[in-house]
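Open the model in your viewer and keep the selection panel at hand. The stops below say what to select and what is there.

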Amino acid sequence: MKPIFLDAPKAAALRRPPPRGGASKLGAAQRLLLALAVAALLAACAHPALRQSDELVRANQLPQAYAVLDEARKLAPHEQSLRAAQLRISAQLTSRLLVQIEGLRSSNRWDEAAEALQRLREIDPKNPRIVWFEAELERGKRQEAKVIEARQMLREGKLDRVDALARSILAESPGHAGARLLLSQSAQARPLEAVSSEMAPAFQKPVTLEFRDAALRQVFEALARSSNINFVFDKDVRADAKVTIFLRNVSLDEAMRVLLSTQGLDRKLLNDSSVLIFPNTAAKQREHQELITRTLYLANADVKQVQAMVRTITKVRDIHIDERLNLMVVRDTPEVLRLVEKLIASVDLPESEVMLEVEVMELSTDRVTDLGLKWPDTVNFGIPGVTGQVELGERNSFRGTIANPAVVATIRGTSGNGNILANPKIRVRNREKAKVHIGQKVPVFTTTTNFTGSTSVAASVSYLDIGLKLDVEPSIQLDNDVVIKIGLEVSNLIRQVTGPGGTTAYEIGTRQTSTTLRLNDGETQVLAGLISDEDRRSSSGVPGLSEMPVLGTLFGVQNSTRNKTEVVLLITPRIVRSLALPDVAMTRMASGTDASPGAFSSLLKANSKVGVGPAGAGSAGMARPLVPLAATTAAATAAAEPAAASAEAVVHLEVTPQVAAGGTVSVTLRNDSGLTVKGELEYDPNRLQPAAASAGANSGRLSVELAPRGDRVVVLRALPAASGQVLNIGLNSLSASGLNGESASVRMEGSGLLTVEAPR
């Protein structure tokens, strides 16, 4: 700003004292004109960039205003007015950009959000939200790609992959709506007792097991032959364990779970085709079970309450919480962690909120009427103008006098109406208390005198709340009704009371009520009837005559006072956020057994048939296992295939290449065609014998039938006479037919050679 110079005459005129009389008014006018001139000069001296930026701000063009000030500061870096204006606009622009970036991020408009973030970086490079937004934008793009992939997997029926993708997203963003929806859709698409997602497709192969008093390892050997699954046994698994089991048309996974649960064993998946079998004891569980540590962030639920729930329901091994970050760290098996995730998803929901529109009115009317003639209260008899004692001899001078005026007519009437209104709006979370106090605090002094030693007086002050007090506690129901506990108290100051020692107290009138309402969303309830009605009548004047009904006003003044107040409360709840209940798939879940929370159930499918008996359940007097036969079928698969899937049926024959005398030989037959194949299995009855008694067992022939795409395993026992010999097991009399009875050729592949080891 340029300096302002005044010439000498003007300066002298300003320093010259004002003339007397009316000149003082002229001096005041001059000073006012001078102040206006200085203000105009200061406005004219303002930087042009400030005026231009103000115009742009009024036009809601903050980026352009910031750019104008930035250019002006480059030319005048020491101008403080430019810096102050730029900082003010920078704060407004930063706030607007933060809201804009958050909105673009929520709508998955990543490129536009990145551009807005770049503008924020240019304006406020040290803003702490920049680093957070950079990480969130990068994470959001990656999560969006996962959501798109998971939706494609959901359409293809790959539910395990959907769960894995959704859980990986929720591990980073617990409140991600798309991931939660995917988990819900995946859970609804599968039954309650779903098979383990860790099991490969090979474990879903249909099998049929029929064993009686058979060695446990013999059953697993038959399963391994028929399904190409490798079984590894822990050294503590009993070699002499016997099992009797009958299962038809179940998956390999179901058969394994039933078999292991009845024998006190457990399993560990080594890869897609290998399983470790070990005793189900605490020591072996610690030795073989793989544990997972996962950090779970809670968005809404209280972490301490969730910790108590998880401990009670899942019996989790290790758990740690951080109340500062509202997170939980859990370490346990994958099955338990899967159950913990579902439990948290079912309770980690945003609480509902309600807006309470309250209107409190105090309606009051008062009317006071004074009407009548006021006569003198006393009559004096004596000598006028003389005070003190007078002599009775002067009684002739005594006169009767009364106060002037002798009669006063009182005609007064007042009336008034009052309307005190309070209209607060309170937003309250579900089952939380809210309070409103509109009024004043009246001080009350209390003094304490101490007479021990030297007398001392101590004063303290306390405050009384006078006015309107409103306490509300809403409870939002699932049907969008709102149950509200209301406590209303209206108090007013009546008069001040002076107590002993000059202490002050107050007489307070109060009206209060409390109730519980149940209202619909948007329904208004009126609470009225808190009425105070005061009606007072009094008269003063000539005794007896002033109390007459009509003529009493001629002999006195009659006073009539009528005060009436009423408190009316109107309350309207409006639900802001309802409780978003999770899908039924998240509230109904399998939780394993008491010994193994979260473990997959041993229940079989509806079309499965099972019979399990204890070891030794065979016929009385039998010294060795009877009727051990294992077969795998795929009738359900064959039913969905065409009657003649190929012109030729191919049957694969596989046998145990080498066994000891007295050992078992597994003969696996596999039909790769869509036709039904029948034939006879031939062997030397003097050296081999079926472990299960069946028709034709002594003749060296067993009739076999293979369903389309089906397998079958026949178990033979090597007799002592076969020691040290090479035997041949063949398949003859083969025929193939379709669903309509058409025949086809059959070709056999594989070798039936068997070597029986001689005892050493």
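Select helices H4 and H5 together: their axes cross at roughly 150 degrees, and angles over 145 degrees count as roughly antiparallel, so H4 and H5 are roughly antiparallel to each other. H4 covers residues 62–75 and H5 residues 80–106, and their axes come within 9 Å. Axes here are lines fitted to C-alpha atoms over the stretch in contact, with angles from 0 to 180 degrees between N-to-C directions. The crossing is left-handed, meaning that the near helix is turned anticlockwise from the far one by less than a right angle.

Now show side chains in the contact (heavy atoms within 4.5 Å). H4 contributes residues including Leu62, Tyr66, Leu69 and Arg73, and H5 residues including Leu82, Ile89, Leu93 and Arg96. By class, the contact has 10 nonpolar, 3 polar and 4 charged residues.

This is a predicted model, in which local features need pLDDT of at least 70 and side-chain atom pairs pLDDT 80 or more, while totals for chains, interfaces and linings use all residues. Residues are numbered from 1 along each chain as its sequence is written, and side-chain values use heavy atoms, without hydrogens and water.

Next, select helix H10, residues 216–227. Buried residues (under 20% relative accessible area, 1.4 Å probe, protein chains only) in H10 include Leu216, Phe220 and Leu223. Just after H10, Asn228 takes a positive phi of about 60 degrees.

Finally, show the whole chain: of its 760 residues, 35% count as buried.

Methods
Helix = DSSP H or I, 4+ residues; strand = E, 2+ residues; numbered from the N terminus. Expected span 1.5 Å × (residues − 1). Buried < 20%, exposed > 50% of the residue type's maximum accessible area, 1.4 Å probe, protein only. Parallel < 35°, antiparallel > 145°, perpendicular 65-115°, else oblique. Nonpolar A, V, L, I, M, F, W, Y, C, P; charged D, E, K, R; others polar.
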